Amino acid sequence: MTFSGSASSSAQFPRDGLPEVAFLGRSNVGKSSLLNALAGVKGLARVSSDPGRTRLINFFRVLGAARPGGGGHGDMYLVDLPGYGYAKAPRQVREGWERLVTSYMDGRDPLQLCVFIVDARHEPSEGDHLLRTWLDHHGHPYVVAANKVDKMGRGEARRRERAIAEAIGSGARAVVPVSATRRTGVDELWNIIRAAAFDRQFEARE
Ligand SMILES: Nc1nc2c(ncn2[C@@H]2O[C@H](COP(=O)(O)OP(=O)(O)OP(=O)(O)O)[C@@H](O)[C@H]2O)c(=O)[nH]1
Ligand SMILES: [Mg+2]
C-alpha cells in the first residue's frame, strides 16, 4: 500500500474510478491506526495522541488486491477521513471538516463501503448516532469496527459487541471487534473490505 495523496477539496479526489473504502469515525477512535494495521505498515497514515490530527482526506492505494475466494481484483483506495466530535476545535474548523467529508461522501461513485469505527469501550457518541442516521439515510453500505478491544477482556468484548450491534449496528453489514494495536479482527475486516471493493467487478464477470 502506498500513500497517493491528500485532498482538501473534491477537485483533488482520484479520477481513475478504482473502488474506494472510506474510514469514518470520531476523532481519536483509531481510523489511521486501523488503516496502518490493514496495510501492515507502521506510520503510513499519521497516528497521533493529539486528537483532530487528520484534517485532509488521505488516499492510500492498495496494489493488487483481490476478492477473497476469487472473482474481481485490481488496485483500490483506502480513504482516511478526518474525524468528528473533537470538541476543542474551533467551530469554523469543525464546519470545514464537515463540508469536506460531505463533499466526498455525497454521490461518490467509486465508494463501495464505509468502515464506521467506534470505540468498543464506550456507548456511541452523539456524533456516532448522527453518522449512523446519515449513512442509513443515504443508503451507504457500512461495516462497524469496534476498536480498542485490547483494552478489555474477552467476556467484556463480547458484551460490548452485542451492545454496539443493537445501538448502531442494526443497519450494518457486520460488526467486527478489532484492535489496531494487536491486529485483532484485522484479517476479518480486510476480507469484508475486499469483498465489497470488488463486488461489482465480480458480478460483471459472472
Ligand atoms: N489501545 C489501543 N489504542 C489505539 C488503538 N487504535 C488506536 N489507538 C490509539 O488511539 C489514538 C488515536 O489513534 P489515531 O489512529 O490517530 O485515531 P484517528 O481516528 O485517526 O484520529 P483523528 O485522525 O484525529 O481523527 C492513538 O494514540 C493510538 O495509538 C487500539 O486498537 N488500541
Ligand atoms: Mg487519523
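The predicted model contains an open sheet of 7 strands, in the order β1-β3-β4-β2-β5-β6-β7 and with mixed pairing. Strands β1 (2-7) and β7 stand at the edges with a single partner strand each, so one side of each has no neighbour in the sheet. Direction ignored, neighbouring strands are turned by 25° against each other on average. Two strands pair if DSSP finds at least two bridges between them. Strands (E, at least two residues) and helices (H or I, at least four) are DSSP runs, numbered from the N terminus.

Residues are numbered from 1 along each chain as its sequence is written, and chains are lettered from A and ligands numbered from 1 in the order in which they are written. Because this is a predicted model, local features need pLDDT of at least 70 and side-chain atom pairs count only at pLDDT 80 or more, while totals for chains, interfaces and linings use all residues.

Ala-7 stands opposite Ile-57 in β3. Strand β2 (20-25) has parallel pairing on record with two strands: with β4 (residues 73-80) over 4 bridges, and with β5 over 6 bridges. Val-21 stands opposite Leu-78 in β4. Phe-23 has Val-115 of β5 as its bridge partner.

Strand β2 is largely enclosed by the rest of the structure, because 6 of its 6 residues are buried. A residue is buried if 20 or more other C-beta atoms lie within 10 Å of its own, exposed if 12 or fewer, and partly exposed in between, with C-beta atoms placed from the backbone. Glu-20, Ala-22 and Leu-24 point one way from β2. Val-21, Phe-23 and Gly-25 point the other way.

The largest nonpolar core has 49 residues. Such a core is a set of buried Ala, Val, Leu, Ile, Met, Phe, Trp, Tyr and Cys residues joined through C-beta atoms within 7 Å. Val-21, Phe-23, Val-115, Phe-116, Val-144 and Ala-145 touch the most other members. Strand β5 gives the largest share of this core, 6 residues. Ala-145 is in contact with Leu-34, Val-115, Ile-117, Val-176, Val-178 and Leu-189, leaving aside its neighbours within four places in sequence. Two residues are in contact if their C-beta atoms, placed from the backbone, lie within 7 Å.

Helix α3 (residues 126-138) has 13 residues. From first C-alpha to last it reaches 18 Å, close to the 18 Å expected at 1.5 Å a residue. The expected span is 1.5 Å times one less than the number of residues. Asp-128, Leu-131 and Arg-132 are the buried residues of α3. They fall within an arc of 100° seen down the axis, so they line one face of the helix. The arc is that of the directions from the helix axis to the C-beta atoms. The face turned away from this buried side carries the exposed residues Glu-126, Thr-133, His-137 and His-138. Cover for the buried residues of α3 includes β2 and β5. After α3 comes Gly-139, with a positive phi near 65°.

Helix α4 (residues 154-167) has 14 residues and reaches 20 Å from its first C-alpha to its last, close to the expected 20 Å. Its buried residues are Ala-157, Arg-160 and Ile-164. These cover an arc of only 65° around the axis, which puts them on the same side of α4. Exposed on the other side are Gly-155, Arg-159, Arg-162 and Glu-166. The buried residues of α4 pack against β5 (111-119), β6 (142-147) and β7 (175-177).

Helix α3 lies across β2, β5 and β6, running at about 160° to β5. Helix α4 packs on the sheet, and its direction makes about 155° with that of β7. Most residues other than glycine have a negative phi. Asn-28 has a positive phi, near 80°. Asn-28 sits in the loop between β2 and α1 (31-39). With 19 C-beta neighbours inside 10 Å, Asn-28 counts as partly exposed. Arg-183 also has a positive phi, of about 65°, although it is not a glycine. Arg-183 lies in the loop between β7 and α5 (186-197). Arg-183 is partly exposed, with 14 other C-beta atoms within 10 Å.

Notes. Axes fitted to C-alpha atoms, helices over the stretch in contact; angles between N-to-C directions.
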